[in-house]
Amino acid sequence: MRLSRRTLLSSLAGSALAIGAGAGTGHAAGDPAAPDPGAGEPAAPEPAARALARLLPRHAGQVTFRALARAGEGDGFRVSGGAGRILVEGTTPAVQLAGFHWYLRHEAHAHISWAGEQTDLPATLPSVPTPIEKTAGVTHRFALNDTNDGYTGPYHDWTYWERELDVLALHGYNEVLVYLGADTVHHRTFLQHGYTDEELRAWIPGPAHQPWWLLQNMSGFGGPLSPQLLAARAELAVRVVGRLRELGMNPVLPGYFGTVPPGFADREPGARVVPQGSWSGFARPDWLDPRSAAFGRVAATFYRVQGELLGAAPLYKMDLLHEGGTPGDVPVGEAAEAVETALHTARPEALWAILGWQNNPHREIVEAVEKDRLFIVDGLSDRFASVTDREETWQGTPYAFGSIWNFGGHTVMGANTPDWASLYESWRTKEDSALDGIALMPEGADNNPAAFALFSDLPWTEGPLDLTDWFRQWPRYRYGADDPHAAAAWDVLRRTAYGTTRADSWSEGADGLFGARPDLNALSASYWSPHRIRYDADEFARALPALLAVAPALRASTAYRYDLLDVTRQVLSNRSRLLLPRISAAYTAKDAAELTRLTDEWLRDMALLERVVATDRGHLVGRWIADARAWGTTEQEKDRLAQDALSLLTVWGPRAAADDGHLRDYANREWSGLVGGLYALRWRTCFDALTTSLTSGRVPVPVDWYALEDTWVRTHPAFATEPTGDIVQVAGEVARALGL
């Protein structure tokens, strides 16, 4: 007899806890309930205690973690205790960490994030005046986009992932999408179905482009992968899924839905493949008809190989016919049934996770499969006002309220937080609601810390979230104390960048034009981004002098410095949209003097922006390149991996993808080395051509922008891998230069 969906998920979470946490009872040093050292070998610290020792080593001994029985079938935590003797009880180690972080923010006025932290704590942790008790309002707290391993960092190492998982646990997440290791799984699978090692390593793309291969959009670009690289990535994947299980969190792994290498039908008896055409200038891999016996054989190999490497998971992510995939003459419903059958043959109790995006999941999929075994992570909850009744659209299929607040990892502040506050709770509590999760899915993570914290709070907030009150409290723990200037700055940000809504059919802010391929009529850097700033830019700029006026005692944390950088960067970025129309007008009027003045101002702002972002390690393209090169074993491989990583941020792929497929600058970002390197080179080239045109009376000579960009990707100079400058000083210079 199959378990109910909720009971299954609860038991799976319990299994993950048991694997990682033993009995689930932990003790801090000095706890009177701790085991007597003389009674035998002391127990090893529990997972939550080990995580806290990594995050706050000076205070970890003041916190005791204990298991908490589930109230019904949901996760929850309870925090209590006197000064220096904090007791955190939770249903899993990750939930215990979430409970501690709630205490840390609201009682100790400290904060840990993926973009800056503030942990200037007193020697003795403050008491909990009234016990804090929270229960998650939804089962699933799902994190990371399919594109995360590309746009956030394809070449991160264990040091990065260890902290990232700790931070996700602190924010209450219990399901994390893991694409790492999928290359090895596919490689080992198809070795058993007629392919050679060399053929498969050439088919698999470089790590920066693998997410789109797993979505069946493209293959090969950025490869071939070396055997050493495959092995190293597999080893990292094993560590990542192991740590997730240790913390009582669930890895969400890719499932198999039919992607095959070229020529599959020639190697597998009875195979029938459907050509998938192209995606944004790339040839898509073929699709193996899931109704065939050959599909069943490949799927069985896939899940066996994956299980041997990474173990089983409770959720498997599969996006059948993603972004234009074609079924040919294969009935979509029958294909979905076959994909589901293969999954449940290998993993009888697993859920099929699928992205709600564009026309996916197709109605035929929803109607064909078991709805209580399908889980939809909605990427459009805060994107379109027309999205009002997911229960009707998806026929009662359980789903998560999701947000994609940036595309391509753009360095843009803001999110549609009013939609989160007004929609999440009303959709969750309405009659016959199928909402049972949240899905944190920016295409690039490690940015927008206010959005990260606020979205993560939704499941743990009782009743509708009060945005005014939330943003009033935010700077107190973000910077360590109340400050009127910090409060004023964040009130401005609440009403501008974080006050946008889905009424205009966007979920991300407008990218800046400094990163656009030069065009006097440019409206965005990425073809797919908003064409205008979605709030009052002049009002937004008021946040900069307010942040600069924050008390000096609160300026030392990486949280304050990150936010000051982000606001300063955004103010400069917004000015690009003010200046470009003026430059265009001066050129049209043939006013050479005005053109020179305005283009000088543009290049001055770019130089200031380069100095701003150079103050933070996370904003250095040199770090991005160095991370990629570190995975290579030869100079040739290091160069290939660096090109794989850097092409993603610039040309994205070959000319057809960059130009005809509109992918160039899709992942533009205001980083040091990009702003002062490629972006400045492009605009100087453009302005020189315009000036020459006015002087000579001839039309500007056309520029082959792709050739310029691709050459830069392959021959760029070395870039700094460590930050330079003081953001407080540089931000002050920017404010004075702009008259703020």
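The questions and answers below cover a helix packing and the salt bridges of a predicted model.

In this predicted model, local features need pLDDT of at least 70 and side-chain atom pairs count only at pLDDT 80 or more, while totals for chains, interfaces and linings use all residues. Residues are numbered from 1 along each chain as its sequence is written, and side-chain values use heavy atoms, with hydrogens and water left out.

Student: At what angle do helix α6 and helix α9 pack, and what class is that?
Tutor: Helices (H or I, at least four residues) and strands (E, at least two) are DSSP runs, numbered from the N terminus. Axes are lines fitted to C-alpha atoms, for helices over the stretch in contact, and angles run from 0 to 180 degrees between N-to-C directions. Under 35 degrees is roughly parallel, over 145 roughly antiparallel, 65 to 115 roughly perpendicular, and the rest oblique. The axes of α6 (residues 182-191) and α9 (residues 227-246) lie 8 Å apart at about 120 degrees, which makes α6 oblique to α9.

Student: Which residues of α9 make the contact with α6?
Tutor: Contact means heavy atoms within 4.5 Å. From α6 come Asp 183, Thr 184 and His 187. Their partners on α9 are Leu 230, Arg 233 and Ala 234.

Student: How many salt bridges does the whole structure hold?
Tutor: A salt bridge is a side-chain nitrogen of Lys or Arg within 4 Å of a carboxyl oxygen of Asp or Glu. A search of the whole structure finds 58.

Student: How many residues apart in sequence are Asp 504 and Arg 532?
Tutor: Their side chains form a salt bridge of 4.0 Å, N to O. Asp 504 is partly exposed at 25%, and Arg 532 is exposed at 51%. Both lie in the loop between α17 (484-495) and α18 (537-541), so the pair ties together parts whose separation is 28 residues.

How values were computed
Buried < 20%, exposed > 50% of the residue type's maximum accessible area, 1.4 Å probe, protein only.
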